[in-house]
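Here are my notes on the model, point by point. Please read them with the coordinates open.

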Amino acid sequence: MENIAIIGAGMTGLSLAYNLQNKKITIFDKSWRAGGRVSTRKHNDLIFDHGAHYLSQKNNAKQLTELLINLNLIKEKEILFCTNFKNNEIIKKKIYVGNNGMNSIPRNIFESMKINSHFNSKIIKIAINKNNNYDLYTDDNEFKNFDLVLLCIPYLQAKELTKDYVNFSEDYIPDYDPIYTLMLSFREKTHLKIDAGLNLHDDISFFMRQNFKFPELKSESWVLNMSSEYTEKNLDISNIELEKYALPIFKKILKINNKPFFIKTHRWLYAQTKTTYNSLSKKNWINSKDNKIFLTGDWILGKSLGDAWNAGLKLSHYLNILDI
Ligand SMILES: Cc1cc2nc3c(=O)[nH]c(=O)nc-3n(C[C@H](O)[C@H](O)[C@H](O)COP(=O)(O)OP(=O)(O)OC[C@H]3O[C@@H](n4cnc5c(N)ncnc54)[C@H](O)[C@@H]3O)c2cc1C
């Protein structure tokens with residue numbers, strides 16, 4: 001394989017790039033930066049991890065954890081975690097977070113590799129050429145003659161781009177949960193001793209204080225995940241309606257009287273894998289008949305950034321063997 005395109009610079013695409021490093025790779029992403037759903041939002045001196053919140057210490061991504069420790073990209077935090085807010089079950093939990101926000105993890109992995117990249121480049125078409133290689137198209141550009149194209153984007157988008165070259169089985173359709181997140185900052189401190197937890201309310205499945213990650217924050221900042229059931233039922237809700245609904249619930253439970261001085265919503269339509277491709281098919285990737293197009297992503301193995309990394313790692317092992 002001489003000329004490899006990786007579409008998607010999330011954790012799966014970065015894992016492939018890392019594990020195929022001696023090859024000629026070009027990575028494309030529609031966003032302006034690497035990381036995909038590992039996302040950190042900054043606003044003046046506020047900062048929120050509003051995609052992936054943390055890397056679990058019980059993740060099974062040994063290579064990723066070792067790499068992050070070697071590159072000095074993560075710190076360990078012990079937090080008070082409420083396993084079920086309704087029953088007030090609180091445990092001490094050790095987790096890893098990014099040294100400078102979760103997105104600093106993929107951003108620094110990407111920068112450590114020095115690979116050819118095109119950001120702000122959404123691939124809208126893949127076409128075979130006369131050499132039986134593949135050309136990629138964005139709205140205003142074309143990139144020619146890749147003999148290997150690795151798609152590391154959500155399943156449905158990958159399927160749409162490759163349906164002329166890949167046979168998809170109707171039996172194996174992975175599934176995602178959508179999640180809306182809310183970012184909130186209050187001048188008033190709450191007296192709640194919990195840093196994060198589950199089931200704050202039927203419609204709020206997860207919440208995490210940002211201050212333990214970012215001690216420089218002067219205000220108290222939170223990220224809430226609306227439950228996927230709520231999000232699914234309310235896909236058409238406006239941001240204002242969502243904020244009007246969720247904010248009073250949160251304030252009441254945490255006994256906060258003041259208004260937040262910052263509130264922002266983010267809509268993740270493909271947030272977390274619900275049913276993995278591997279659990280349905282026992283396969284670790286999808287490929288074209290000519291073995292020049294491969295589809296992967298967290299949707300192959302699970303719903304965490306460790307699963308995304310491992311999906312890229314598994315495919316890289318196979319591709320490295322093919323090359324021998
Ligand atoms: C709200 C939320 C909370 C989460 N919490 C956690 C957590 O606490 N811990 C944890 O381990 N995991 C968590 N996750 C899951 C974790 O973020 C994902 O499993 C992981 O980041 C997925 O990586 P990926 O590379 O497979 O996909 P993505 O991160 O989605 O990367 C795909 C990339 O492809 C790009 N792309 C898409 N289409 C195109 C195209 N046509 N052309 C070019 N580029 C394209 C996108 O811009 C994106 O950068 C959470 C996810 C969400 C949304």
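1. Terms first. Two strands pair if DSSP finds at least two bridges between them. Helices (H or I, at least four residues) and strands (E, at least two) are DSSP runs, numbered from the N terminus. On that basis, 10 bridges join strand β6 (residues 74-84) to strand β7 (residues 89-98), and the two run antiparallel.

2. Provenance. This is a predicted model: local features need pLDDT of at least 70, side-chain atom pairs count only at pLDDT 80 or more, and totals for chains, interfaces and linings use all residues. Residues are numbered from 1 along each chain as its sequence is written.

3. Overall build. The protein has nine helices and 19 strands. Its C-alpha trace spans about 65 × 40 × 40 Å along the principal axes. A compact globule of 324 residues would have a radius of gyration near 20 Å; the protein has 21 Å, which agrees. That radius is taken over C-alpha atoms, and the globule rule is 2.2 Å times the number of residues to the power 0.38.

4. The β6-β7 hairpin. Four residues lie between the strands, and Asn88 takes a positive phi near 55°. Leu80 has Lys92 as its bridge partner in β7.

5. Phe81 has Ala196 as its bridge partner in β14. Cys82 stands opposite Gly197 of β14.

6. From β14 onward. A hairpin through two residues joins β14 to β15. Four bridges link β14 to strand β15 (residues 204-209), and the pair is antiparallel. Gly197 stands opposite Phe207 in β15, and His201 stands opposite Ile204.

7. The whole sheet. Which order do the strands take in the open sheet? Eight strands line up as β5-β7-β6-β14-β15-β16-β13-β17, with mixed pairing. β5 (55-56) and β17 (262-275) stand at the edges, each with a single partner strand, so one side of each has no neighbour in the sheet.

8. Burial and core. Of the 324 residues, 41% count as buried (20 or more other C-beta atoms within 10 Å of the residue's own; exposed means 12 or fewer, partly exposed in between; C-beta atoms are placed from the backbone). The largest nonpolar core has 85 residues. Such a core is a set of buried Ala, Val, Leu, Ile, Met, Phe, Trp, Tyr and Cys residues joined through C-beta atoms within 7 Å. Those with the most contacts inside it are Ala5, Ile6, Ile7, Ala17, Val149, Leu150 and Leu151.

9. Contacts. Two residues are in contact if their C-beta atoms, placed from the backbone, lie within 7 Å. Leu151 touches Ile7, Gly8, Ala158, Leu161, Thr162 and Leu295, leaving out residues up to four places away in sequence. Among contacts between residues at least 6 apart in sequence, 67% join residues at least 24 apart.

10. Of the 37 residues around the ligand (C-beta atom, placed from the backbone, within 6 Å), Gly8, Gly10, Gly36, Ser304 and Ala308 come nearest. The elements giving two or more residues to this shell are α1 (11-19), β13 (175-186), β17 and α9 (305-322).
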